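Welcome! Please take a moment to look over the sequence and the model, and then read on for a short tour.

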Amino acid sequence: MSYFRITLHRSAIGLPARTRGVLAALGLHKRSQTVYHPVEAQFAGMIMKVKELVKVEEVERKLDKWEVKAERRPDSGFYLEKMAPRMEDEGQKVGSRVLARLRGEDESQVVEGVRREGGGEVRV
Amino acid sequence: MSRTLLRSLLELRAAAPARPSALRPALTTTATTRSLHQTPSQIDPLPQTQSSAALPPSPPKPSPTSIPRCGGAPRTTSPATPETLQLLPLLALQPGNKYLQLYIQGQSYLVTPGDQIRLPFKMPGVVPGDVLRLNRAVAIGSRDFTLKGSPYVDETLFECRAVVEGTEAEPMRLKIKKKQRCRRTKTVRSKHKYTVLRVSEVKILAPGQEGQQ
């Protein structure tokens with residue numbers, strides 16, 4: 001099934017309560033927030049009420065919240081190549097997920113191709 | 001040909017006698033037709049090698065290891081073209097340090113070996129002595145040549161390592177919040193930490209030669 005990818009492009013500050021209510025019903029609370037709703041008449045009607053404020057795209061797959069965040073996150077630009085020896089009782093405990101992300105082993109950073117930059121191949 | 005370019009080419013010839021013969025005829029003809037005493041009236045543009053800049057945009061192919069789009073730094077890296085690989089030894093063999101324009105967490109930095117970078121954040125999970133490999137470069141350059149990626153340079157063409165030196169802290173900032181006609185004040189204290197890196201080496205990995213520093 002296909003989904004509407006709805007992004008709030010204009011802020012709701014200064015707009016009537018009814019319009020803000022529609023945005024709240026869609027789940028849009030701040031500018032540049034993205035939500036996914038199935039392509040149905042009720043969601044299409046809500047979009048029509050706030051069509052001047054949002055940007056809409058039809059997509060096949062609905063992304064989770066962490067996937068939407070991963071889209072916006074830039075490349076870290078580095079990975080941990082060699083670790084210096086750690087002291088036994090570190091002042092700050094570091095989780096294994098943080099170390100995995102530093103080493104570049106964190107698979108959650110990579111999302112299956114939903115959108116790509118134009119031109120050129122993509123390499124990890 | 002500009003005087004600086006001619007000088008660099010003569011230095012290259014003196015530095016590396018065993019270069020691929022395909023390059024030699026092109027360089028010697030341009031060098032012998034003019035003498036050092038001439039002041040040329042036109043300046044040749046410095047060769048700017050771009051990886052796959054001429055390729056037409058291909059339709060997106062679904063790939064399990066694709067990088068999603070992001071609103072900050074560019075996300076794609078294009079593999080190096082044969083033209084790039086042929087001209088890369090010219091860049092690598094030039095004397096002097098090479099510079100890199102890197103992206104770390106979406107912010108760009110221009111570094112040479114030995115530079116200190118103060119990141120605007122504290123990197124979690126690293127201790128002084130950790131070696132980071134920086135792999136997102138937008139441009140690599142030497143004295144006379146620049147390699148520009150579209151938008152990133154192929155990772156297999158260079159190596160850049162930075163050592164974590166430690167953490168710095170800003171001076172303590174006090175934000176005092178007080179409303180008019182109310183005596184109560186609220187003080188917010190801030191003392192942010194920043195990770196400091198030292199770029200230890202910048203190497204160009206030209207094919208068929210050892211990397212030059």
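On helix 2 of chain A, the face turned away from the buried side carries the exposed residues A:Ala41, A:Gln42, A:Met48 and A:Lys49. Exposed means over 50% relative accessible area, buried under 20%, and partly exposed in between (1.4 Å probe, protein chains only). Helices (H or I, at least four residues) and strands (E, at least two) are DSSP runs, numbered from the N terminus.

The buried residues of this helix, which spans residues 41–49, are A:Phe43, A:Met46 and A:Ile47. They sit on the same side of helix 2 of chain A because they cover an arc of only 100 degrees around the axis, taken from the directions from the helix axis to the C-beta atoms. Their cover includes strand 1 (3–8), helix 1 (17–26), strand 2 (34–38) and strand 3 (54–59) of chain A.

## How to read the model

This is a predicted model, where local features need pLDDT of at least 70, side-chain atom pairs count only at pLDDT 80 or more, and totals for chains, interfaces and linings use all residues. Residues are numbered from 1 along each chain as its sequence is written, chains are lettered from A and ligands numbered from 1 in the order in which they are written, and side-chain values use heavy atoms, leaving out hydrogens and water.

## Where the chains touch

B:Arg133 lies in strand 5 (residues 131–134) of chain B and is buried, at 14% relative accessible area. Its side chain makes a polar contact (3.0 Å) with that of A:Glu81. A polar contact is a pair of N or O atoms within 3.5 Å; within protein, one must be able to donate a hydrogen and the other to accept it, and residues adjacent in sequence count only if both atoms are side-chain atoms.

A:Ala84, in the loop between strand 4 (78–82) and helix 4 (96–103) of chain A, is buried too, with 14% relative accessibility. Leaving out residues up to four places away in sequence, A:Ala84 is in contact (heavy atoms within 4.5 Å) with B:Val127, B:Pro128, B:Gly129 and B:Asp130.
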